[in-house]
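Reader: I am new to this structure. Please take me through the terms used for it, and show what each one rests on.

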Amino acid sequence: PREAIRRIIGEELGYNISQTELLDSTHIEWIRMGTTVATNALLERKGEKCALVITSGFRDLLYIGNQSRPNLFDLCIDMPEVIYEEVVEVNERVCMVQDSCKLGLTSPVVMGTTGEKLYVWQMLDKEKLQSDLQRVFNLGIRSLAVVLMHSYAFPDHEISVGELAKEM
């Protein structure tokens with residue numbers, strides 16, 4: 001997604017951003033991506049059984065969505081089915097460093113791939129993750145959708161999830 005984001009920001013700001021230049025994420029309010037092939041497979045409910053692997057505390061994020069409701073006061077809301085069979089909550093957490101933060105954090109700080117600093121509030125709990133991945137593997141699930149917070153800037157935890165899953 002970095003290349004697409006780089007081009008869009010460059011177009012919006014009116015100048016080219018080189019591929020080696022770090023992206024200034026202050027211009028990014030939100031990101032939503034998808035591909036036609038993947039979107040069609042999801043809409044048609046085709047493909048492998050899948051488990052959602054997501055930062056702990058966010059298991060309902062894809063179900064809740066962005067809360068956009070065309071009929072705000074409609075009491076009978078037709079919710080789409082989720083496309084995953086199981087959810088694995090991953091004990092891990094990273095957070096962007098912000099000068100205005102008043103939490104007094106003492107967590108380790110790392111430099112993200114975007115050039116921004118991030119706090120590592122909680123390192124990846126590999127032991128619990130391995131147990132949880134084994135559980136979904138034992139259920140016959142061989143496909144994972146991995147969604148960890150701020151992985152666009154700090155991919156280490158998602159990479160570790162992939163490595164552990166490949167060992168199954």
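This is a predicted model: local features need pLDDT of at least 70, side-chain atom pairs count only at pLDDT 80 or more; totals for chains, interfaces and linings use all residues.

Author: The protein chain has an average pLDDT of 85, and 95% of the residues score at least 70. Confidence is lowest in helix 2 (residues 36–43), with a mean of 71, and highest in helix 4, at 97.

Reader: What makes strand 1 and strand 6 a pair?

Author: Two strands pair if there are at least two bridges between them. Strand 1 (residues 50–55) and strand 6 are joined in the parallel sense over five bridges, so they count as paired. Val53 stands opposite Val146 in strand 6.

Reader: What is the order of the strands in the open sheet?

Author: The order is 2-1-6, with parallel pairing among the three strands. Strand 2 (86–90) and strand 6 are the edge strands, since each pairs on one side only. From one strand to the next, the twist averages 20°.

Reader: Which strands does helix 4 touch?

Author: Helix 4 (residues 126–138) packs on the sheet and touches strand 1, strand 2 and strand 6. Its direction makes about 175° with that of strand 2.

Reader: Why is His150 called partly exposed?

Author: Buried means under 20% relative accessible area and exposed means over 50%. His150 has 22% relative accessibility, which lies between these limits, so His150 counts as partly exposed. His150 is found in the loop between strand 6 (143–147) and helix 5 (156–166).

Reader: What is the phi of His150 near?

Author: The phi of His150 is near 60°, a positive value in a residue other than glycine. Most residues other than glycine have a negative phi.

Note on methods
Residues are numbered from 1 along each chain as its sequence is written. Side-chain values use heavy atoms; hydrogens and water are left out. Helices (H or I, at least four residues) and strands (E, at least two) are DSSP runs, numbered from the N terminus. Buried means under 20% relative accessible area, exposed over 50%, partly exposed in between (1.4 Å probe, protein chains only). Axes are lines fitted to C-alpha atoms, for helices over the stretch in contact, and angles run from 0 to 180 degrees between N-to-C directions. Contact means heavy atoms within 4.5 Å. pLDDT is the predictor's confidence in each residue, from 0 to 100.
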